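Here is a short report for a reader meeting this structure for the first time. Take a look at the chain, then read on.

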Amino acid sequence: MPLFKRTPFGLAKPPEDLEPSELVYRVRFTKEIFCDYQEYLNRINLYRERIWMCKSTGKSNLTYEEALVSEKHAIQKVQQLPNELVAPALHIIQYSMLSLRDLADLIAKKLQKDLFVGAELHGRKDGDLYPCRVLKIVENGSGKIQYEVALLGKDKKITENIILHGDDLVWKKTPFSRNILKSFIRESTCRSIPWVLHDKLAQKHGISTDFPEELRSRFFFQDGQLVNRTKKRKNENRNNVGEANGESGESKRKKRETGNPDTESNQPEEEPIKYPIDDLLVKPGPDDPFFTDRPSLSRDFNVPMDCVGDLLMVWDFCSSFSRVLNLSPFSLEDFENAICHKDSNLVLIMETHSALLRLLIKDGGEYSLTLQKKKRKSKISLVTWTEYICDFLEMINITELCSYMSTIKRGHYGLLEPNAKLTILCELVCHALETDLIRGKLDELIEQRQTLGATRRGEALEYARKKREEKEQLKSEPDALVKENSMESTGSNPQIAENGDQTGEMVEEDVSSRQSNAFHNRTQLNGQSKKAEKQNVDPKAEAENTTNSNEKEAQKQQSGEKKEDPEKSKEKREQRREYFQREMEKRNVRTDPLGKDRDYNRYWWFRRDGRIFVESCDSKQWGYYSAKEEVDLLISSLNPKGERERALQKQLEKFYDKISTELQKRSKDLAQKIALEEAVLRRSTRVRAPPRENPANAFLKYVNKWKED
């Protein structure tokens, strides 16, 4: 049982006189039952705090459930200790006064000398060590113990049986570690220093439970508990001092026991709830803000509801790897309409299947070998693409999909149900993901993302370094000013005479440096004039430009480079941050949901579509939001007190600008589409309009512009 403040924590007793129909709250990992919701919530929050300790390993700062798991793993390791060593170890533990570490070392040292039947170690023969296993313990007449061992070869097969002395047997690796022994000691005892075994365990192994005489002077039993006489005497003295100060020992004892979970009530004090908590535990509070009603989802899909997930997966894969597939992108609406269309040679459907099949052929895997056996050409056309699909279905040999082959071979692929078409496409996508081309592309994207991340971190570190240097420079400037002022205020200080000589030397050096600079400029001007005469350029103008540039360089050297405007610097950093974020998003290797709501519904946002799709927790129901106003209402309906809705709200706010832009663009395109449809409808009343001019039939006009020749 996990420890609270290093003491066992008693679980709450089940309530009495419960009605069969009464609502109760049950803790999953302790099986505790509460009738009052607030008590249940307080206990759950207590279990989630990192204040618990694993009794077996001594690990602290754990939650209650983590401590339970740690104890379970420790017990499993303790059970690996050979049974032949348990009794000798328990004899050493009983009433030992050593610390845990010293006791574990003592047990390890003594048990290494105790060999048992079945122990696997190394035996010395002819000066070499060989792996062996103890088969039998042999006692000779002289009282010395010998061991019959089997030498082990490869795969632990017995090669030879020999008799060896104990000195010839060596442990290269003991069957137990110090940590296992420590856990074994904790699990076997009910108190420490002196370590006392559990009564049942001691009786099982025939170990005496009589308290040793040498310890009776230091310990005694009181109410069945072993008490330290020294500590008892100190507590009595402390109580006497408290009574002398007007405070009873009983009241001090109660104060010390405050907060101890092992008191009579055994109920922790009620503490304010620390949010966020699990969403299902959140109850309305008086201080809650106003939450809007969650907007209703649109569910007007053309494909069956159970196929929406497959539709999104196939479309997202084709859009993400369109360059690798040589398949120009298409909208989700066009893909959905094409899947539901009954035309058997629809270009969009044919190109999608052909692009995936070509990828499998390029990979040179199982599908490529299947085509070679059938002597198929590698070029897939509008006439032959269904034959290649049948070859793929034969290769994967899935009964459900093979039943569609007769319909496909007759040239009626369009008559298949949408779920059948999407199932075939899903299988193609799954096989495409295993190809070297896709894996190589993924590795390339991951490497690019890592490079961008390293560059971004490098720039951040460089900016932090510059800021640190600026702060240090600002700190050093006041010291320099103080020093300069002190030098100016020296007056008739005797040191001025000494400094005067140095100043004269500096003036002379300055004059000589100016003379050398003038000579250098004259030489440069003469050279430029000769060069200008050759090139028919005015030497005076050239000289003026050179002089101006030299003066500018000198000014920069004297005054230093001007500091960049803080506002411009901040704007530049923001632009760089947006650049890195934009480039990282371009190289996204997978689409993850934005998050989950209270009821575990998942929210997906696809950048190439704009809509926010909502998947139910059982993946059987789908819906979507397609307007900015719906997203605003969705964000306002999320309760940040819950863990899931808090995370979802953060993600929605993070991508809010991009989502809003895409949805507004989508709404604008939809309005134009409706206007075109109305125009076509009005014109059709006068003149019969061709069906392909209708915007709803845009998928019929699809052309793969990236198709390989």
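## Overall picture

The secondary structure of the protein chain amounts to 24 helices and 18 strands. The model is predicted. The protein chain has 709 residues, and 33% of them count as buried.

The surface comes next. As for contacts between residues at least 6 apart in sequence, 57% join residues at least 24 apart.

Helix α12 covers residues 347-363, and helix α13 covers residues 366-373. Their axes come within 6 Å and cross at roughly 90°. An angle from 65 to 115 degrees counts as roughly perpendicular. The helices α12 and α13 are therefore roughly perpendicular to each other.

Which residues of α12 and α13 meet? From α12 come Leu 357, Leu 360 and Ile 361. From α13 come Tyr 367, Ser 368 and Leu 371. The residues of this contact divide into 5 nonpolar, 1 polar and no charged.

## Aromatic rings

The structure holds 27 aromatic pairs. One of them is formed by Phe 9 and Tyr 47. Their ring centres are 6.2 Å apart, with 80° between the planes. The pair is edge-to-face. It links distant parts of the chain, since the residues Phe 9 and Tyr 47 are 38 residues apart. Phe 9 sits in the loop between β2 (7-8) and β3 (25-26), whereas Tyr 47 belongs to helix α1 (residues 37-48). Are Phe 9 and Tyr 47 buried or exposed? Both Phe 9 and Tyr 47 are buried.

The rings of Phe 317 and Phe 321 have centres 5.1 Å apart and planes at 40°, so this pair is tilted. Phe 317 is buried, and Phe 321 is buried too. Ring pairs also build a cluster. Its members are Phe 4, Phe 9, Phe 29, Tyr 47, Trp 52 and Tyr 64.

## The loop between β2 and β3

Pro 14 is placed in the loop between β2 and β3. Its relative accessible area is 60%. Exposed means over 50%, so Pro 14 counts as exposed. Pro 14 and Glu 32 are 18 residues apart in sequence. In space, their C-alpha atoms are 6.7 Å apart.

Asp 17 also lies in the loop between β2 and β3. What is the phi of Asp 17? Phi of Asp 17 is near 55°, a positive value in a residue other than glycine. Asp 17 has a relative accessibility of 73% and counts as exposed.

## Backbone details elsewhere

Lys 375 has a positive phi as well, about 55°, although it is not a glycine. Lys 375 lies in the loop between α13 and α14 (385-396). With a relative accessible area of 75%, Lys 375 is exposed.

Which residues does a cis peptide bond join? The bond joins Tyr 275 and Pro 276, and omega is about 5°. Pro 276 is found in the loop between α8 (249-257) and α9 (308-320).

## Two partly exposed residues

Gln 76 is part of helix α2 (residues 64-78). Gln 76 has a relative accessible area of 41%, so it is partly exposed. Along the chain, Gln 76 and Ile 180 are 104 residues apart. Their C-alpha atoms are separated by 9.8 Å.

Val 117 lies in the loop between α4 (100-111) and β6 (120-125). Val 117 is partly exposed too, with a relative accessible area of 43%. What does Val 117 contact, leaving aside its neighbours within four places in sequence? The contacts are Glu 84, Val 134, Leu 135, Lys 136 and Ile 137. Ile 137 is 20 residues from Val 117 along the chain, and the two C-alpha atoms are separated by 7.2 Å.

Methods. Residues are numbered from 1 along each chain as its sequence is written. This is a predicted model: local features need pLDDT of at least 70, side-chain atom pairs count only at pLDDT 80 or more; totals for chains, interfaces and linings use all residues. Side-chain values use heavy atoms; hydrogens and water are left out. Helices (H or I, at least four residues) and strands (E, at least two) are DSSP runs, numbered from the N terminus. Buried means under 20% relative accessible area, exposed over 50%, partly exposed in between (1.4 Å probe, protein chains only). Contact means heavy atoms within 4.5 Å. Axes are lines fitted to C-alpha atoms, for helices over the stretch in contact, and angles run from 0 to 180 degrees between N-to-C directions. Angles under 35 degrees count as roughly parallel, over 145 as roughly antiparallel, 65 to 115 as roughly perpendicular and the rest as oblique. Ala, Val, Leu, Ile, Met, Phe, Trp, Tyr, Cys and Pro count as nonpolar, Asp, Glu, Lys and Arg as charged, and the others, Gly among them, as polar. Rings of Phe, Tyr and Trp (its six-membered ring) pair if their centres lie within 6.5 Å; planes under 30 degrees apart count as stacked, over 60 as edge-to-face and the rest as tilted.
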